[in-house]
Amino acid sequence: MAARTLPPFRADHVGSLLRPAALLEARARHRAGDLDDAGLRVAEDRAISDAVALQRDAGIRTATDGEFRRTSWHMDFIYQLEGVDPTDQKLAVHFRNKAAALDFETAALSVHDRVRLGHTIFGDALEYLVGVTTDEQVPKLTIPSPNMVHYRGGRAAIDESVYAELEPFWADLTAAYAEEVRRLGELGCTYLQLDDTSLAYLNDPEQRAMVAAQGGDPEHLHEQYVANVNAAIAGRPDGMRVTTHMCRGNFRSSWAAEGGYDFVAEVLFSQLDVDGFFLEYDDERSGGFEPLRFVPQDKQVVLGLVTTKTGRLEDKDDLKRRIDEASKYVPLEQLCLSPQCGFSSTVEGNELSEEQERAKLRLVVETAEEVWGRS
């Protein structure tokens, strides 16, 4: 089968990587006031250079910065939008795994003014990443979808004196994102990923009940969310590939939602104007592959069959079997393989070692080569 020259690649990954001990130590010293901003930047740069080498050595053509400059995959971006700030209130998200339950708390957000883009968010991070990748690697920047600004707090987080109706809010939000996408293109971004847990969460009846309790419309919110992403990327530069990643929560090896992609599938796959979908498919919570029947012929589906939630290494034959099952709904040439999510969506990371992380990435590459050939 012909090798893919454009992302997403046959062997790919979502983005975040486990923070190395030296970087965690530098962050702790910075919080304590024992390391200045410049010193932290040096530690981050060194860790990112090593992470790029890790991805290259594993055979992954995508290179991310591991999200090493962030505490959270999404809030570090969202709080940099003008008009959006954290509040003193805490937002609790209930996570669980097969052994226990735990709650993640973060500052709630407030949309207190018109949403605009001031500086280019993560622009300096992108420039550094581009500078340390080699010719055979394609730098990928991951940012949260615009929908994440709304999903966490709903209408209640948006000041009605600023936005009496939601339509002007959507317009300002997507315009800010469109400008961000344009600027990232000018900085050399050719591979951009919009991470959007909300579109996966909405498959879970409990999550839809939460939306209803907030006064939202759980039956049609996914349609608005798809329209938002499309507006944000409509003017993307020629040569920029855009993907989206949708999972059901990834915090310290735990999840927040369950359910297959059935509820959102028809609108999501047929209308979202991205080049590829990174989808969580690492266990029974993700449902079956049947919703993939709605994927158009010009889109790639990256099957997240390798879990980042444990260090246990998957059986290669089992992965091949599942790829074969998925190919009943999407042709094999439209499929790719990756872990189901990042290894460290927040600074704490999932419960596996860096060596297990490397082994997972190598497994993705080796399996992809055996299924599709070198790609």
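Trainee: Is Glu160 buried or exposed?
Mentor: Glu160 is exposed, with a relative accessible area of 54%. Buried means under 20% relative accessible area, exposed over 50%, and partly exposed in between, with a 1.4 Å probe and protein chains only. This is a predicted model, where local features need pLDDT of at least 70 and side-chain atom pairs count only at pLDDT 80 or more, while totals for chains, interfaces and linings use all residues. Residues are numbered from 1 along each chain as its sequence is written, and side-chain values use heavy atoms, leaving out hydrogens and water.

Trainee: Where is Glu160 found?
Mentor: In the loop between helix H5 (147-151) and helix H6 (166-186). Helices (H or I, at least four residues) and strands (E, at least two) are DSSP runs, numbered from the N terminus.

Trainee: Back to salt bridges. How many salt bridges are there?
Mentor: The count is 26 salt bridges, each being a side-chain nitrogen of Lys or Arg within 4 Å of a carboxyl oxygen of Asp or Glu.

Trainee: Which residue forms a salt bridge with Glu179?
Mentor: Arg183, with the closest N and O atoms 2.8 Å apart. Glu179 and Arg183 are four residues apart in helix H6, so about one helical turn separates them. Glu179 is partly exposed at 25% relative accessibility.

Trainee: And what does Lys316 meet in a salt bridge?
Mentor: The side chain of Glu366, at 3.3 Å, N to O. Lys316 lies in helix H11 (residues 316-326) and Glu366 in helix H12 (residues 354-372), so the pair ties together parts 50 residues apart in sequence. Lys316 is partly exposed at 23% relative accessibility, and Glu366 is partly exposed at 36%.

Trainee: Asp283 and Arg285: buried or exposed?
Mentor: Both Asp283 and Arg285 are buried. Their side chains meet in a salt bridge of 3.2 Å, N to O. Asp283 and Arg285 also belong to a network of salt bridges that links them with Arg248, Glu280, Asp282 and Lys309.

Trainee: Which residues does a cis peptide bond join?
Mentor: Pro7 and Pro8, with omega about 0°. Pro8 lies in the segment before helix H1 (21-32).
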